Each structure stands twice: as structure tokens, then as C-alpha cells.
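Student: I would like to go through this entry term by term, asking each time what a label rests on. Please set the values against the cut-offs.

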Amino acid sequence: MKFFLDTAIVDEIKEGVALGLVDGVTTNPSLIAKSGRDHKEVVLEICELIDGPVSAEVIATDYEGMLAEARELAAWHEQIVVKVPLTEAGLKTVSKLAPEGVRFNVTLCFSAAQALLAAKAGASFISPFVGRWDDIDSRGIDLIPDIVTIYENYGFATEVLVASVRSPLHVSEAAMVGAQIATVPFKILKQMFKHPLTDIGIERFLEDYRKSQA
Ligand code: E4P
């Protein structure tokens, strides 16, 4: 399974890359705002930090606007994957530009039917948002096996990029059903390392060693 970092904070990306566990980065307008940086400047810096796909999202909501913006974002850097929302205009943009070689990450996906449309349009990645389903008292992760099965049934090359990840459990459940990628906030990546029995085990080993050497 590949891990992307869901952040536009450069220091987090540097730390994640240094761990040797990060295969790409996803950003969105909220994450760019949180970074306090200029959109193009920060995305280009991220492309220099990591050798993998970097998602940059359009702001336009109409087809003509998305088309122009997608072309512009894709021209910034070869690693850029253009993120468009799962709307008619978004998928029309994918259908038009994917054959020209632009890679798309279709975002704000909340159903298997939406994911099917994105794959048919030619998206490279589909981003089902699991945490936002959880927020409204539903099990968002249940969406993932359905999408994986549909893509396998028809041999779609679109990769399932599990998004809106809120816990290590989201990641392991997504991995259990074969999602290719999880995009995780830096905090969750760090949480994935943690287990109280690991800490207790280290403490016990050190204590025994100290005693044996006294
Ligand atoms: C994915 O690409 C999105 O940027 C992200 O996962 C959204 O997560 P949120 O629901 O925590 O904002």
C-alpha cells in the first residue's frame, strides 16, 4: 500500500520523507490556506521534496474554468495530479484532458456509483472521503471494498486513494480490502507507529539489560 501525506505543511512532508514512508502528497484549498503559503509556490516546493504524485486542486466549479485551471496546474510540474471535484463539470474535464496525458485525482467522492463514473471518465485516482461519512454517523470505510470490487470487476486502472482519514484503523481497514493508497494527515502517520505494548516492551528490555549489567 502506498502512503500519501494529506498536507501542505512543508516541514511535515520533509519529516515524512525522511521516514522513508511517503509516496506522494495531496493538497486541497483548505490545506493550502492552513499552510499560509502561495498556492503555486508551496506546490512547487512540495514537488522538489518528494518523487511522486502531488495533487493540486482546482478552484473553478464550471467546465470552462476547470479546463483552463487544470491545464495551468498540470503545466506547473510533471509530478502534479490535478484534483477536481466529483461533479459533471469535473468529470467532463477529466474526459477531455486525460487522453491528452493530464492525470486527475477526483475528489469528494462519497458513493460507489460516483467512483464508477470517475473511473469511466479516465481518472488516475479516486478519493473516497471516509471520515466525512463518519462525521454524519455512517461507516465511511464500508465504501472502500465496494469501489475496489467494482474496479477489479471491470479492470479499471484508476487507483483507490482513501481520503479524509481520521485514524490508523481507517488505514488498516482500507489496506485489508486492497485500496492502493491512503492519504493521511501527518498526525495519523505518527499515530500509526504507536502501541502501548511496544513502549512497555522497550522499557522492560532496557530495565532487564540494566539489571543484568549492574
Ligand atoms: C483528500 O485529498 C482531502 O484533502 C482530505 O483527505 C480531506 O480530509 P478532511 O475530511 O479531513 O478534510
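Student: Why is S4 called largely enclosed by the rest of the structure?
Tutor: S4 is largely enclosed because 5 of its 6 residues are buried. Buried stands for 20 or more other C-beta atoms within 10 Å of a residue's own, exposed for 12 or fewer, and partly exposed for the range in between, with C-beta atoms placed from the backbone. The model is a predicted one, in which local features need pLDDT of at least 70 and side-chain atom pairs count only at pLDDT 80 or more, while totals for chains, interfaces and linings use all residues. Residue numbers start from 1 along each chain as its sequence is written.

Student: Where is lysine 83 found, and why does it count as buried?
Tutor: Lysine 83 is found in strand S4; a strand here is a DSSP run of E with at least two residues, a helix a run of H or I with at least four, both numbered from the N terminus. Lysine 83 has 23 C-beta neighbours inside 10 Å, so it counts as buried. UniProt, in an unreviewed entry, places the feature "active site" at Lys83. Such positions are given in the numbering used here, with shortened feature names, and the annotations may be inferred rather than shown by experiment.

Student: Which residues is lysine 83 in contact with?
Tutor: Contact requires C-beta atoms, placed from the backbone, within 7 Å of each other. Apart from neighbours within four places in sequence, the residues that qualify for lysine 83 are Asn28, Ser55, Ala56, Glu57, Val58, Asn105 and Thr107.

Student: What makes S3 and S4 a pair?
Tutor: DSSP has to find at least two bridges between two strands for them to pair. S3 and S4 have 4 bridges and run in the parallel sense, so the label applies by the rule of two. One of the positions involved is alanine 56, whose bridge partner in S4 is valine 82. As background, strands of a sheet pair through backbone hydrogen bonds, either parallel or antiparallel.

Student: Why is leucine 73 called buried, and what does it touch?
Tutor: Leucine 73 has 22 C-beta neighbours inside 10 Å and therefore counts as buried. Its place is in helix H4, residues 63-76. Beyond residues up to four places away in sequence, leucine 73 touches Ala56, Val58, Ile80 and Val82. Leucine 73 and alanine 56 are 17 residues apart in sequence, with 7.1 Å between their C-alpha atoms.

Student: Which strands does the closed barrel run through?
Tutor: The barrel has 8 strands in the order S1-S2-S3-S4-S5-S6-S7-S8, with parallel pairing. Neighbouring strands of this sheet are turned by 30 degrees against each other on average, direction ignored. Helix H3 (residues 39-49) packs on the sheet, touching S2, S3 and S4, and its direction makes about 170 degrees with that of S3. Helix H5 (residues 88-97) also packs there, touching S4 and S5, at about 145 degrees to S4. Axes are lines fitted to C-alpha atoms, for helices over the stretch in contact, and angles run from 0 to 180 degrees between N-to-C directions.

Student: How many bridges join S1 to S8?
Tutor: S1 (residues 2-6) and S8 are joined by 4 bridges and run parallel. Phenylalanine 3 has alanine 182 as its bridge partner in S8. S7 (residues 159-162) pairs with S8 over 2 bridges, again in the parallel sense, with leucine 161 bridged to isoleucine 181. From S8, Ile181 and Thr183 point one way and Ala182 and Val184 the other way, and all are buried.

Student: What surrounds the ligand?
Tutor: The shell consists of Asp6, Thr26, Asn28, Thr107, Ser127, Phe129, Gly131, Arg132, Ala163, Ser164 and Thr183. A residue is near a molecule if its C-beta atom, placed from the backbone, lies within 6 Å of it. The shell divides into 2 nonpolar, 7 polar and 2 charged residues. Here Ala, Val, Leu, Ile, Met, Phe, Trp, Tyr, Cys and Pro count as nonpolar, Asp, Glu, Lys and Arg as charged, and the others, Gly among them, as polar.

Student: Why does glycine 122 count as buried?
Tutor: Glycine 122 has 20 C-beta neighbours inside 10 Å, so it counts as buried. Its place is in the loop between helix H6 (112-121) and S6. Neighbours within four places aside, glycine 122 is in contact with Val94, Ser95, Ala98 and Pro99.

Technical notes. Contact = placed C-beta atoms within 7 Å.
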